[in-house]
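Subject: Structure handover

Hello,

Here is the structure I promised to pass on. Please open it first, then read the notes below.

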Amino acid sequence: MLYGGLEAGGTKMICVIGNENGEILERATFPTLSPQETMPEMLEFFKGKDIKALGIACFGPIDLNKESSTYGYITTTPKKLWANYDIVGEFKKALNIPIGFDTDVNGSLLGEITWGCAKGKTDALYITIGTGVGGGIMSNGKLLHGMLHPELGHMRMVVAEGDNYKGHCPYHGTCFEGMAAGPAIEDRWGKKGVELSGDDKVWELESYYIAQAIASYILVLSPQIIILGGGVMHQEKLFPLIRKKVLEQLAGYLNTKELADIDNYIVPASLNDDQGIMGAVKLAIDAANE
Ligand code: ADP
Ligand code: ZN
């Protein structure tokens with residue numbers, strides 16, 4: 001059986017044909033222009049491929065409430081051309097197959113839970129630190145949506161002593177994303193993250209903010225595993241720094257086997273940057289079985 005997967009991002013749309021084993025058989029990438037330009041390209045790719053359902057892991061904010069009149073819409077995104085766009089409705093109209101829909105980060109988490117390093121877990125967290133910061137949550141075996149969907153990247157931070165940086169988030173200044181996303185690194189240090197690899201103080205501070213957020217997520221959500229992805233996390237040296245600082249921040253309050261084995265608790269994404277698209281295929285499989 002074949003399924004379609006779409007990882008819808010602000011810069012590119014990745015379309016794939018996959019199967020129930022998570023194998024990706026065909027893929028194409030289109031730049032995210034306007035819906036008028038990009039939708040026909042994607043439809044052209046999916047049409048005639050005999051897919052049973054389509055899964056969309058989408059940038060947000062999006063409406064995931066099936067009772068809502070705007071279910072399946074991209075809502076108030078700063079990507080103006082896609083604001084208030086009925087992406088699920090348009091695919092449904094053109095393809096007439098079941099459509100699964102969730103956030104990009106829940107998609108990545110679902111990919112890791114189904115085929116990657118979080119296999120078998122019922123409570124897990126996926127955090128991406130890239131152009132922005134976002135996170136997907138599975139709680140009690142279900143992807144968490146709630147009122148809208150979690151926005152883990154905009155959590156308030158306790159600013160490090162002596163850090164005068166005003167932060168890069170237009171809403172909150174010094175929130176997690178405002179202090180730790182790729183553009184914040186570049187704005188603060190005047191160079192891209194990849195050019196700062198050898199500068200220890202950059203990663204000390206970066207890991208302080210990431211660890212602070214993770215310690216709070218652990219206390220609130222009690223995840224069994226935490227997966228870190230996104231461009232900034234390509235700095236592998238961040239992992240040992242983050243693990244050490246998370247334990248320091250928790251200050252011995254929690255004693256679990258997971259925290260005792262923290263190298264296998266806070267881990268990199270495991271699917272070669274295909275976690276999002278594989279998660280989208282799983283959204284399609286689930287939609288077909290609904
Ligand atoms: P997006 O979030 O748009 O999907 P990415 O996850 O690739 O994209 O993140 C892009 C951000 O990650 C950019 O701000 C870039 O500077 C930063 N980045 C990419 N590679 C590295 C690296 N090796 N080290 C540090 N930062 C990086
Ligand atoms: Zn913010």
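Two strands count as paired if DSSP finds at least two bridges between them. Helices (H or I, at least four residues) and strands (E, at least two) are DSSP runs, numbered from the N terminus.

Some ground rules. This is a predicted model, in which local features need pLDDT of at least 70, side-chain atom pairs count only at pLDDT 80 or more, and totals for chains, interfaces and linings use all residues. Residues are numbered from 1 along each chain as its sequence is written, chains are lettered from A and ligands numbered from 1 in the order in which they are written, and side-chain values use heavy atoms, with hydrogens and water left out.

The sheet with β1 to β5

Start with an open sheet of five strands. Its order is β3-β2-β1-β4-β5, and the pairing is mixed. At the edges stand β3 (24-31) and β5 (99-103); each has a single partner strand, so one side of each lacks a neighbour in the sheet. From one strand to the next, the twist averages 15°. Angles run from 0 to 180 degrees between N-to-C directions, and axes are lines fitted to C-alpha atoms, for helices over the stretch in contact.

Now the pairs. β1 and β2 run antiparallel and are joined by seven bridges. They form a hairpin with three residues between them. Ala8 has Met13 in β2 as its bridge partner. β2 and β3 also run antiparallel, again with seven bridges. There, Val16 stands opposite Arg27 in β3. The β2-β3 hairpin has four residues between its strands, and Gly22 in this hairpin takes a positive phi near 80°. By contrast, β4 (residues 51-58) runs parallel to β5, with five bridges. Gly55 has Gly100 in β5 as its bridge partner.

How enclosed is β2? Seven of its eight residues are buried, so β2 is largely enclosed by the rest of the structure. Buried means under 20% relative accessible area, exposed means over 50%, and partly exposed lies in between (1.4 Å probe, protein chains only). Helix α1 (residues 35-46) lies across β1 (2-8), β2 (12-19), β3 and β4, at about 15° to β2. Contact here means heavy atoms within 4.5 Å.

The sheet with β6 to β10

Another open sheet of five strands has the order β8-β7-β6-β9-β10, with mixed pairing. Its edges are β8 (142-143) and β10 (266-268); each has a single partner strand, so one side of each is left without a neighbour in the sheet. β9 (residues 225-229) runs parallel to β10, and three bridges join them. Ile227 stands opposite Val267 in β10. Helix α3 (residues 104-115) lies across β6 (124-129), β7 (133-139), β8 and β9, at about 50° to β7.

Out at the surface

Leu219, Val220 and Tyr253 make a nonpolar surface patch of about 400 Å². Patch residues have over 30% relative accessible area and no salt bridge; like charges are joined within 9 Å, nonpolar side chains (Val, Leu, Ile, Met, Phe, Trp, Tyr) within 5 Å. A salt bridge is a side-chain nitrogen of Lys or Arg within 4 Å of a carboxyl oxygen of Asp or Glu. Accessible areas come from the Shrake-Rupley method with a 1.4 Å probe; for residues, only the protein chains shown count as cover. Leu219 belongs to helix α6 (residues 200-221). Leu219 is exposed, at 51% relative accessible area.

Asn164 lies in the loop between β8 and α4 (176-180). Asn164 is exposed, at 73%. Asn164 and Tyr3 are 161 residues apart in sequence and 49 Å apart in space, C-alpha to C-alpha.

Best wishes
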